[in-house]
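Morning, everyone. Please have the sequence and the 3D view open side by side. I'll be quick.

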Amino acid sequence: VAFRLLGFSPQVYVFGWDDNDPETYSKKYIALTETLATLVGRRYILGVSAGGSVASTVALLTPDLVTKVVTLCAPLTPFKSPVNPLLEVSLRQNSMQLQQYKPYVENIVSLHAHRDEIVPIQLSKPPQIQTHTMPSILHVPSIVFGLTIYAPVVAHFLKQR
């Protein structure tokens, strides 16, 4: 609702992290890019939690499809310990793309909480992209904060030229 009030026409895309199958990453990634290609006008992605890594990768690999990306409480680099195998593939892919597609990183910003019990803050702060700390704590409350009260800040970044 907040983003609709700010002039956006939000579409929700569910990537499907719950299947944990790393073999499905390419298929899911292609389905996401095909969905983006059907949308008209400027396309912005707000990648929440695990979705941030794939949102960032899409922006880096298909800048013609995506204008800007904001990640919210999202890991963008790999965890040190094992996590969801599908997420591990996405994080490795994103880390590699952040290194290779430096001209497009200016179109990505990572928002994170002061403290997040699910996603270690350092994983949300790769050196290649802009990062900002939201005045919030904990994973889920910070996501809710970012999607509601902090939405004008997110919208401001997305609308900047």
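This is a predicted model: local features need pLDDT of at least 70, side-chain atom pairs count only at pLDDT 80 or more; totals for chains, interfaces and linings use all residues.

Next, look at strand 2 and strand 3. Strand 2 covers residues 68–72, and strand 3 covers residues 108–112. The two run parallel, and four bridges join them. Find V70 in your view: V109 of strand 3 stands opposite. Likewise, V69 stands opposite I108.

Stay with strand 3. How many of the five residues of strand 3 are buried? Five of the five, so strand 3 is largely enclosed by the rest of the structure. Here is a rule to keep in mind. In a regular strand, side chains alternate between the two faces of the sheet. Now check both sides of strand 3. I108, S110 and H112 are on one side, V109 and L111 are on the other, and all are buried.

Zoom in on I108, which belongs to strand 3. Why do we call I108 buried? Because its relative accessible area is 0%, and the cut-off for buried is under 20%. What does I108 touch, leaving out residues up to four places away in sequence? The list is S56, A59, L60, V69, I129, Q130 and F157. Then there is T71. I108 and T71 are 37 residues apart along the chain, and their C-alpha atoms are separated by 7.6 Å.

Take C73. It is not a glycine, yet its phi is positive, about 55°. You'll find C73 in the loop between strand 2 and helix 4, residues 85–100. Buried or exposed? C73 counts as buried, because its relative accessibility is 0%. Beyond its neighbours within four places in sequence, C73 contacts a list of residues, including S49, L111, D116 and M134. H139, S142 and I143 are also among them. For K159, the separation is another matter: 86 residues apart along the chain, C73 and K159 have C-alpha atoms separated by 21 Å.

The second one is L138. Its phi is near 75°, again a positive value in a residue other than glycine. L138 sits in the loop between strand 4 and helix 5, residues 139–147. At 31% relative accessibility, L138 counts as partly exposed.

Over to helix 2, residues 25–38, where T33 lies. T33 counts as buried, because its relative accessibility is 13%. Leaving out residues up to four places away in sequence, T33 touches V58 and L65.

E23 is exposed, with a relative accessible area of 69%. E23 and P85 are 62 residues apart along the chain, and 9.2 Å separates their C-alpha atoms.

Last stop: the largest pocket. How do we find such space? Rolling a probe the size of a water molecule over the atoms shows where empty space is left. The largest pocket holds about 1,100 Å³ of space. It is lined by 34 residues, and the closest to its centre are Q11, V12, Y13, Y44 and L46. Which elements give two or more residues to this lining? Helix 1 (2–5), helix 2, strand 1, helix 3 and helix 5. Strand 1 gives the most, with five residues. By type, the lining divides into 24 nonpolar, seven polar and three charged residues.

That's my tour. Questions, please.

Key. Residues are numbered from 1 along each chain as its sequence is written. Side-chain values use heavy atoms; hydrogens and water are left out. Buried means under 20% relative accessible area, exposed over 50%, partly exposed in between (1.4 Å probe, protein chains only). Contact means heavy atoms within 4.5 Å. Two strands pair if DSSP finds at least two bridges between them. On a 1 Å grid over the protein atoms alone, a cavity is a set of points where a 1.4 Å probe fits but cannot get out, and a pocket is an open set with protein on both sides within 12 Å along at least five of seven lines; lining residues have an atom within 4 Å of a point. Grid points are joined across faces, edges and corners, and a volume is the space filled by probe spheres set on the points. Ala, Val, Leu, Ile, Met, Phe, Trp, Tyr, Cys and Pro count as nonpolar, Asp, Glu, Lys and Arg as charged, and the others, Gly among them, as polar.
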